[in-house]
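This report is meant for a reader who meets the structure for the first time.

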Amino acid sequence: ENKFVTLTGKAKPNRNIMRAVIYVASLVMLSSAFSGCDGKENSPKNPEPGQVAITHVESLFDSLTNWENIEKDKLHVIRSGEELKSYIKDCETELPTVDFEKHSLLVVTGNASHGIVNMESELNRGDTNTYSFDVNIELDLTSEYSTWKVMVLAPAVSRQADISLDVNMRP
């Protein structure tokens with residue numbers, strides 16, 4: 001006796017099962033396409049909180065310019081070439097080029113009652129449109145009166161941004 005069955009011809013797939021698989025796969029793809037769109041993605045208009053990359057540019061500007069209208073112990077956020085020119089007098093050389101569509105120039109200056117050993121600064125982003133600019137100055141024990149200035153390029157900061165300044169001086 002032959003216990004094997006021989007099938008001839010082509011097997012036809014069950015169309016109902018294929019339709020169900022395609023329907024479920026389509027639903028999975030659609031749901032995953034919309035799952036990440038909560039309006040809070042990290043874009044240039046809504047960046048992630050944390051430390052912001054900055055570039056120190058004191059040496060580029062100080063050797064070329066005479067600064068004026070810089071109030072001490074106040075953060076000045078310069079967002080255009082016109083604003084930059086309003087802080088500079090009698091500049092005989094060409095100013096360094098700043099792409100103000102991509103960057104803002106942050107400037108703060110002040111005085112210290114002792115000599116300065118080291119200065120560090122960092123810009124931190126908080127929630128939407130809030131920043132903290134921290135300047136840490138290490139002083140020595142001399143009685144040398146010192147003036148200091150910090151100038152950094154940062155990613156463009158909107159005019160609506162709230163930027164706090166925190167200057168810490170320590171021996």
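In this predicted model, H76 has its place in strand β4, which covers residues 76–78. The residue counts as buried because its relative accessible area is 4%, and buried means under 20%. Its side chain reaches the backbone nitrogen of E71 at 3.1 Å, and a polar contact of 3.3 Å joins the side chain of H76 to that of Y87. When neighbours within four places in sequence are left aside, the residues in contact with H76 are N69, I70, E71, Y87, L105, L106 and V107.

The strand that holds H76 belongs to an open sheet of four strands, whose order is β2-β9-β6-β4 and whose pairing is antiparallel. Strands β2 (55–56) and β4 stand at the edges of this sheet with a single partner strand each, so one side of each is left without a neighbour in the sheet. Strands β6 (residues 103–112) and β9 (residues 146–155) pair in the antiparallel sense over ten bridges, and W148 in β9 is the bridge partner of G110.

Another residue of strand β9 is T147, and this one is exposed, with a relative accessible area of 52%. Although T147 and A112 are 35 residues apart along the chain, their C-alpha atoms are separated by 6.2 Å. Apart from residues up to four places away in sequence, T147 touches K72, T109, G110 and N111, and with N111 there is a polar contact of 3.1 Å between the side chains.

The chain as a whole contains three helices and ten strands, which follow one another along the sequence in the pattern α-β-β-α-β-β-α-β-β-β-β-β-β. Of its 171 residues, 29% count as buried, and the chain exposes about 12,300 Å², of which carbon and sulfur atoms supply 52%. Among contacts between residues at least 6 apart in sequence, 73% join residues that are at least 24 apart.

In soluble globular proteins, nonpolar side chains tend to be buried together. The largest nonpolar core in this model has 19 residues, and those with the most contacts inside it are L106, F133 and I163. Strands β6, β8 (130–139) and β9 each supply at least two residues of this core, and its largest share, five residues, comes from β8. Another core, of 15 residues, lies apart from it and has V57, Y87, F100 and V107 among its members.

The count of salt bridges comes to one, and this bridge is formed by R159 with E83, the closest N and O atoms being 2.7 Å apart. Because R159 lies in the loop between β9 and β10 (162–170) whereas E83 lies in helix α3 (residues 81–86), the pair ties together parts that are 76 residues apart in sequence. R159 is itself exposed, with a relative accessible area of 55%.

| Residue | Relative accessible area | Class |
|---|---|---|
| H76 | 4% | buried |
| T147 | 52% | exposed |
| R159 | 55% | exposed |

How values were computed: Residues numbered from 1 in each chain as written. Predicted model: local features only at pLDDT ≥ 70, side-chain atom pairs only at ≥ 80, totals over all residues. Heavy atoms only, no water. Buried < 20%, exposed > 50% of the residue type's maximum accessible area, 1.4 Å probe, protein only. Polar contact = N/O pair within 3.5 Å; in protein donor to acceptor, adjacent residues only side chain to side chain. Contact = heavy atoms within 4.5 Å. Pairing = 2+ DSSP bridges. Areas by Shrake-Rupley, 256 points an atom, 1.4 Å probe, with all protein chains shown as cover. Core = buried A, V, L, I, M, F, W, Y, C linked by side-chain atoms within 4.5 Å. Salt bridge = Lys/Arg side-chain N within 4 Å of Asp/Glu carboxyl O.
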